[in-house]
Amino acid sequence: MIIECRDLIKIYSDEERKIQIPALRGCDFVVEKGTIASIVGPSGAGKTTLVNILAGFISASSGKAIVDGIEVHKLNQKRLNLYRLNKISIVDQFPQRTLFLNSTVWDNLYFAYTLTYGDTPTTGERLRDILKKLGIEHLEKRIVRTVSGGELTRIAIGCALAKNAPIILCDEPTGELDSINTEKVKKLLKEITSKFQTTVLVVTHDPRFIEGVDKTYEIRDGRVSTILTKEERKAQQSFPLSYYSHIDSSRNTRIPDEIYTSLQLNNKIKFKVSEQSSVELLHPEDFPPKPFNLPEYQKRRRELTIKSLPKHYHDNKNLDLQLNSVNKIYSTLSGNLPALSNIDLTIHHGELAFIMGPSGSGKTTLLQVISGLEPVTNGEITILGKKISSFSDAERAVFRRENIGLVSQEVSLHPYLTIEDNFFLHDILRGKKIDEQATKNERLQILEKFSITHRKDSYPLNVSGGELQRASLCITWSQMHPIVILDEPTSNLDSTLASGTLKKIKELKQKNDITLLIATHDLDILPLGSRVIELIDGKVQTDGLLIN
C-alpha cells in the first residue's frame with residue numbers, strides 16, 4: 001500500500017462563533033501503489049478535506065495519514081514542504097489557485113518539471129509529449145489567464161504529470177471537461193500508472209471518470225462507507241444484486257441506502273441467525289421488505305439535435321442583450337489569437353439560453369465580454385439599452401454591479417467572510433443601507449432552497465467545491481439583478497444535485513422574471529425546448545432550440 005488512513009478525524013473550529021463542524025469522523029482506507037482510485041460521495045461528505053490532509057495542507061484533528069511510509073500528521077513545516085515537493089502532485093478543483101496566471105503554459109510546465117529534475121536535455125521532449133497527449137500543444141505560448149476553464153484544468157494536470165511525483169491527488173479534474181477531453185485525461189493517467197507505477201487518487205462525481213478506475217471509495221458523513229472494485233460495481237447493475245459495506249477499525253459500518261429503504265428501517269435493524277448459520281437482515285418488527293427496484297443508470301447524451309430559431313422568435317419581445325460583429329483577440333508571444341470571431345447574438349427579456357461548446361471554444365470569453373470583465377477588440381455590445389462596448393473599465397464595473405449577477409468558474413467569494421456575511425458584501429460596495437432583520441428571512445430561504453443552510457457560518461476555504469458553488473448561486477440570486485450569468489454552475493456537483501440545482505435555478509428565474517445565460521459542457525442538464533447557442537473555435541456554430 002502507498003496510502004493508508006487510520007481513524008482519521010477532522011473537526012473545523014470557529015473560535016469567534018464558538019462552533020465546531022466535523023468533516024471526517026473516523027476515516028479508514030488504503031490505496032495500493034500503481035492504481036487509479038476514485039473518491040466519491042455527496043457534496044460536503046469530506047472528500048476534499050481528505051485530499052487536503054493527504055497533501056499536508058491541513059492537519060487532522062486525530063488519527064493517522066501515512067503516505068509512502070511517511071506519517072504526514074507528524075511532519076513539521078520544513079519536512080511538509082519537502083514532502084509536497086518530492087512525493088505529491090496536486091490538481092486542485094480550482095486550478096487557477098495553483099498556476100502562474102500571468103505566465104505562459106510552457107513556463108508553468110517548465111517550472112513544475114525543473115522543480116524535480118532541473119533543466120535536462122530531455123526537458124523539451126518530455127513537456128511537448130505531455131502537451132500533445134492532453135490536446136493543448138496549441139496553447140504552449142498562451143498566457144494562462146487567457147485560456148478557458150477546461151483548458152486550465154488540463155494545464156494543471158500537465159503540471160502534475162511534469163513533476164512526475166509518485167502520487168497525484170486530483171480534486172474534480174474532469175468537472176469542466178467535455179467527454180473527448182475527459183477520455184484524453186483518463187488515457188494519460190492510465191498510461192503513467194502503468195509505466196511509472198504512479199498512484200492516482202481522484203475526488204470526482206463524474207460517472208465518465210469512475211468507469212475507468214481500479215477502485216472506488218465512497219465517503220458518507222465523513223466515513224468510508226463502501227470500497228468497490230470494477231467487478232463489484234458491475235454486480236450492482238443486474239439481479240442478483242450484490243451490495244458491500246466497509247467496516248472500519250471501530251467496527252462501524254453503513255447499511256447501503258437501497259437496503260435501508262427496502263427494509264423500511266429507522267434506527268434499528270434485526271439480525272436473524274439460523275441453526276445452519278445463515279444470517280438474515282430484517283426490520284425489527286418483521287415488516288416485509290418493499291419491492292426492490294433495479295437502479296436506473298442514466299444514459300448520457302452524446303450529441304444534440306438543434307432546430308434553428310423560428311423566423312419571428314424575437315418579435316414583440318424586449319431585447320436585453322445584443323451583440324453585433326463582436327471580436328475578441330488576445331495578444332500572445334506567438335502573435336494575435338482570436339478568441340471570438342464575428343459574434344452576432346440577440347437575447348430577449350426573460351429568456352433562458354445555454355451556451356455550449358468543447359473546452360476552449362470561447363464560452364467563458366463570451367460571458368466575460370458580455371459581463372464587462374473583458375473589453376471587446378471590436379464590435380458592439382448593447383445591454384438593457386446601454387452600449388457597454390464603448391464604456392471605460394470603471395463604467396463597465398459600475399454597470400455590472402448594478403445590472404448583472406455573475407457566478408464565475410472560480411467562484412469568487414471573500415475568503416475571510418463567512419458564507420452568510422458574503423451576502424452583505426455586494427450591498428456594502430454599492431453603499432446600500434442594510435436592513436438586517438428584513439433580509440435575514442430571505443437569506444435563510446434561499447440558502448435552504450439550495451441545501452446549504454448548514455454552511456452559512458463557514459468560511460469559503462472550509463467548504464467543498466460543490467457547497468461553494470451553491471453558496472455563490474445563493475448570493476448571486478439574492479441580489480435580484482435583471483440579468484444573471486452562470487459559468488459552469490454544476491461542474492462540481494453530482495448528477496442528482498446538478499439536476500436539482502438547475503430545477504431550482506429555473507424556478508427562481510421564472511419567479512423573478514430575469515434573463516439567464518448558462519455556459520456548460522454538460523449535455524445532460526439541458527431541458528428539451530431550451531435555446532442552445534453552440535460555439536466552435538470562437539464562432540457561433542448553431543443557435544436554435546433543443547429538440548432531442
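This is a predicted model: local features need pLDDT of at least 70, side-chain atom pairs count only at pLDDT 80 or more; totals for chains, interfaces and linings use all residues.
Local features need pLDDT of at least 70 and side-chain atom pairs count only at pLDDT 80 or more, while totals for chains, interfaces and linings use all residues. Residues are numbered from 1 along each chain as its sequence is written, and side-chain values use heavy atoms, with hydrogens and water left out.

The structure holds four aromatic pairs (rings of Phe, Tyr and Trp, the last by its six-membered ring, with centres within 6.5 Å; planes under 30 degrees apart are stacked, over 60 edge-to-face, the rest tilted). In one of them, Phe-100 and Phe-111, the ring centres are 5.1 Å apart and the planes stand at 90 degrees, so the pair is edge-to-face. Phe-100 belongs to the loop between strand 6 (88-91) and helix 3 (105-117) and Phe-111 to helix 3, so the pair ties together parts eleven residues apart in sequence. Helices (H or I, at least four residues) and strands (E, at least two) are DSSP runs, numbered from the N terminus. Both residues are tabulated below by accessibility (buried under 20% relative accessible area, exposed over 50%, partly exposed in between; 1.4 Å probe, protein chains only).

| Residue | Relative accessible area | Class |
|---|---|---|
| Phe-100 | 43% | partly exposed |
| Phe-111 | 40% | partly exposed |

Four strands form an open antiparallel sheet in the order 15-14-17-18, where pairing requires at least two DSSP bridges between two strands. Strand 15 (335-348) and strand 18 (386-387) are at the edges with a single partner strand each, so one side of each lacks a neighbour in the sheet. Strand 17 (residues 378-383) is joined to strand 18 by two bridges; Ile-383 has Lys-386 in strand 18 as its bridge partner.
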